[in-house]
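Reader: I'm new to this one and would like to talk about its aromatic rings. Could you show it to me before I start asking?

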Amino acid sequence: MTSGKGASRGPSLWENMRLRFIVCFLGVFVCYFYYGILQETITRGDYSHGDLKEKFRFARTLVFIQCIINALFARILIQFFEGPKPDFTRSWLYGLCSLSYVGAMVSSNSALQYVNYPTQVLGKSCKPIPVMILGVTILRKRYPMAKYLCVILILVSLTLDGLTGVAQDHMRSRFQTSANHMMLNINLWSTVLLGLAVLWTGEVWEFLSFTERYPSILYNILLFGLTSALGQTFIFMTVVYFGPLTCSIVTTTRKFFTILGSVLLFGNQMSDMQWVGTILVFLGLGLDAKFGKGPKKTTH
């Protein structure tokens, strides 16, 4: 039995699960909405230098920078908010998770070389594959194989996202991994993997030459990394507190508004079939989230 001031103090406001969910949802929504705008600005921007016209094609380097900023941000959060809290999660599990995590992000960014942002987001959000295939019909005729490559990239990204979720769920249930430790270690492993990749392929040197010609892109990349880090903090909080399934529903919901933002801000055109597909996909996801899961059995 306890006495004194500690006994009279009730639960903190943060322990209210409904409030916690609202904070996580709004954090994911706001950060990743701006993240999507920056991602499209960077990957599909108009880059010209004299008579030279170029496209951004450095998906691995972009994700590499993103992972560095994410890891630094998580390290700061641990230093100031968690202190020397031990982490018992196995290193190999972080490494395995980072493989699928990196593959999913690189595939998503690479797909933007062939399709506009709404098409990529719709593809990442949908379960029915025919809807995704119909969603890439607006590709330019000069890329006859682009729609098939895009579908493959998005399928790879979806599969790897699923594997990442499984690994994160295992960390959460088996080791009670904290959100910040999960974010830090996955991004550290990802930084190592991508660092080796961009050095091996020489992509990093081409990227540096590209930034010399277009230095203004560095500002957008920095903001991109910061919004990613802050948004990922809320993502991992959602995973730890509510599980990967709830996190998936939250991120998919915000993608609908990301599509609308991309159409309004960047003038991306969507066909009637794409709008129908978009509505069906998100309606289906909403119904599945509400009615598709049976009640959990309570164990004693």
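This is a predicted model: local features need pLDDT of at least 70, side-chain atom pairs count only at pLDDT 80 or more; totals for chains, interfaces and linings use all residues.

Reader: What lies over the face of Y241?

Author: That's R20, at 4.1 Å from the ring centre. The cut-off for a charge over a ring is within 6 Å of the centre, and R174 also sits over a ring, with its charged end 5.0 Å from the centre of F175.

Reader: How many aromatic pairs are there?

Author: The count comes to 15. One of them is F56 with F207, an edge-to-face pair.

Reader: What makes F56 and F207 edge-to-face?

Author: Their planes are at 90 degrees and their centres 6.4 Å apart.

Reader: How do you know whether F56 and F207 are buried or exposed?

Author: Buried means under 20% relative accessible area. F56 has 3%, so it is buried, and F207 has 5%, so F207 is buried too.

Reader: And why is the pair of F210 and Y214 called tilted?

Author: Their planes are at 50 degrees, with the centres 4.9 Å apart. Stacked would need under 30 degrees and edge-to-face over 60, so this pair counts as tilted. Both F210 and Y214 are buried.

How values were computed. Residues are numbered from 1 along each chain as its sequence is written. Side-chain values use heavy atoms; hydrogens and water are left out. Rings of Phe, Tyr and Trp (its six-membered ring) pair if their centres lie within 6.5 Å; planes under 30 degrees apart count as stacked, over 60 as edge-to-face and the rest as tilted. Buried means under 20% relative accessible area, exposed over 50%, partly exposed in between (1.4 Å probe, protein chains only). A charge sits over a ring if NZ of Lys or CZ of Arg is within 6 Å of the ring centre and within 35 degrees of the ring normal.
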